[in-house]
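Have the chain ready to click through as you read.

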Amino acid sequence: MRKFLLPSLIIVAASLLVIRIFYLQVINDTFKLKSDNNAIKIKYDYPERGYIYDRYGKLLVANQASYDIMVIPRELKNIDTLEFCQLLNITKEDYIKKIAKAKIYSPRLPSVFLPQLNKSEFAAFQEKIRKFEGFYFQKRSLRDYEVDFGANIFGFITQVNDKLVAKNPYYNSGDLIGKQGVEESYEDVLRGIKGVKYFQKDKYNREIGSYKDGKYDTIAVQGEDINLSIDAELQRYGEQLMINKRGGIVAIEPKTGEILSLVTAPSYDPSILVGRQRSKNYTLLYRDSIAKPLYDRGLLAEYPPGSPFKIMTGLAGLQEQIVDEQTSFYCLGHRGFMVSRGHFMGCHSTAGSFQLHNGIYQSCNTYFANVFINTIDKNHNPNKAIDIWSEHIKSFGLGEFLGYDLPTGKRGKIPDSKTYKKMYPNWQWSGRTIVSNSIGQGEVLTTPIQLANMMAAVANEGYYYTPHIIKKIKGESIDKKFTEKHVTTIDKKYFKPMISGLFDVYNLGTARSLRVEGIDICGKTGTAENFTKINGKRVKLEDHSIFVAFAPKDNPKIAIAVLVENGGYGATIAGPIASLMIEKYLRKKITRTDLETKVLKISLKDRYAILGGIKEASAIETTPKDSTPKLKSKTINTPVDSTTQN
């Protein structure tokens, strides 16, 4: 039997090979189509990308006509390079480099010689294109931005790189693809489907008609339109408020997880990354390593959350039954909490007894330090207790990737027992050792979108939906994961006393000057310490200004987090911005014009200039001279506003 096995396998394999060859050459002509490529010219018909609208149907991103000059190196004959270069406003050196690059890609296949000419640039060349054999034009559509804000949300369009062309058969050299923002996240939806036309060529390389009467031609299919969850006017207003400041604003609708606003500052006009100047402008933005306009601070920047984290400390303490609403701790006032003999954690509150309610609205460090220490030292097993505490905090989406539909993000940091085993391998640490975590310092790091999501969970009394920026895709459903409820580990009953304290932050506490008549806002001010190293020494810089809030108190419609780098006290800059954004969204107008005027006048440019000099001199960061392109008017030349404490 064995002697027949090998011959049988050979016969079967040969039969399969013959059948396959017959199928490819006789039944299916596509193999022949590819092998005959020398006699066939392929032209692609590029569809328009889908339009982008805001949550109310306002058009944000459309398309405009553009033209790519294509080249097939092998077909170049008797080119008058002087005239050619003059028509396209390029140098002969550029011409030589581009032709060399095209030859490397393929001598016989078309590639982009000069991309993204607008109508006026293309008009002069179009009249004489027949003189330049081997060149032809390919009509494209480029983005046409209807607004001058939201660059970090939209992303931009760029040419595919060689690595992607080799990896993804859909793309050819010179094709365009979305990068960053929704252009990248929803590339497959927005790009549409290319059309393809095949043309027969004669022995002189001239087109003589459609190949096989267009049997294999396909029609381009336009990309699908999408509606974002963004409120365009709220986004515009947020970027306006952040002029001459650095930081981020994230606003979320608690009942759905839809992102209402995603502001990063500084930003830029998205239209500068369209057309022939795109590469130059992008390089200028990329090289600005101080202001970092391409860096989405709302998603990527990890900061100590400061006092807003006291909300988490309090809820974890309630859940673990370390405290109840009546549990009191005495505060020494400005001296605050004694961490160890002779070492104190300062406090903004006056001396006296504090419970959960006034501990929140007066932001008492001593109260939350005690809650945290008792939580961690529970049952004299800090390793187990810190892991339980960590799981409570992470159930709000902190310390984890949230899973939203934007291509970039950071997970932040919520410490656990592994963290402190590494930090203190030969020492038994306790809650007092790591007490800075109780007030959002220590090892805790969060991003602005995580803080906004945290407040959405508090507003919902214990659950949240994955934040997302898509609201509707024409002809499709959005991902089901955005409609799945995430429940925290904190029982619902513990949220009501916390929300009561947050409500009185605006009525009795650190944000009482930020109230908006007729809107019940719950919030928490924050001031996060900020350090760097210079010559090996830890140096304190200006604090970050932080504010988190949601409104209205009953049936919340918006949850928000605002962070202004080096802005000082939370109630000085971040707090007013949060109040204004909330009123703008709920009422579509502003009554606190005094706050608006104050915020618009505040400029931190001088402060950032000083800090930039410090960073350049520090051991951890050496940056080139600021080369920010003056590409968008995002500056108000006003003096720095005087600041007030919480």
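## The second largest cavity

Strand 5 gives the largest share of the lining of the second largest cavity, 3 residues. Strands here are DSSP runs (E, at least two residues), helices are too (H or I, at least four), and both are numbered from the N terminus. A cavity is a set of points on a 1 Å grid over the protein atoms alone where a 1.4 Å probe fits but cannot get out, and lining residues have an atom within 4 Å of a point.

This is a predicted model, with local features needing pLDDT of at least 70 and side-chain atom pairs pLDDT 80 or more, while totals for chains, interfaces and linings use all residues. Residues are numbered from 1 along each chain, and side-chain values use heavy atoms, without hydrogens or water.

Among the residues lining the second largest cavity are Q116, L142, Y145, F156 and R278.

## The nonpolar cores

A nonpolar core is a set of buried Ala, Val, Leu, Ile, Met, Phe, Trp, Tyr and Cys residues joined through side-chain atoms within 4.5 Å; buried means under 20% relative accessible area (1.4 Å probe, protein chains only). The largest core has 129 residues, and I311, M312, L315, W389, V458 and I577 touch the most other members. Helix 18 (residues 448-459) brings the largest share, 9 residues.

Zoom in on M312: beyond its neighbours within four places in sequence, M312 is in contact (heavy atoms within 4.5 Å) with I393, F396, L398, M454 and V458. Apart from this core lies another, of 20 residues, including C85 and F135.

How values were computed: On a 1 Å grid over the protein atoms alone, a cavity is a set of points where a 1.4 Å probe fits but cannot get out, and a pocket is an open set with protein on both sides within 12 Å along at least five of seven lines; lining residues have an atom within 4 Å of a point. Buried means under 20% relative accessible area, exposed over 50%, partly exposed in between (1.4 Å probe, protein chains only).
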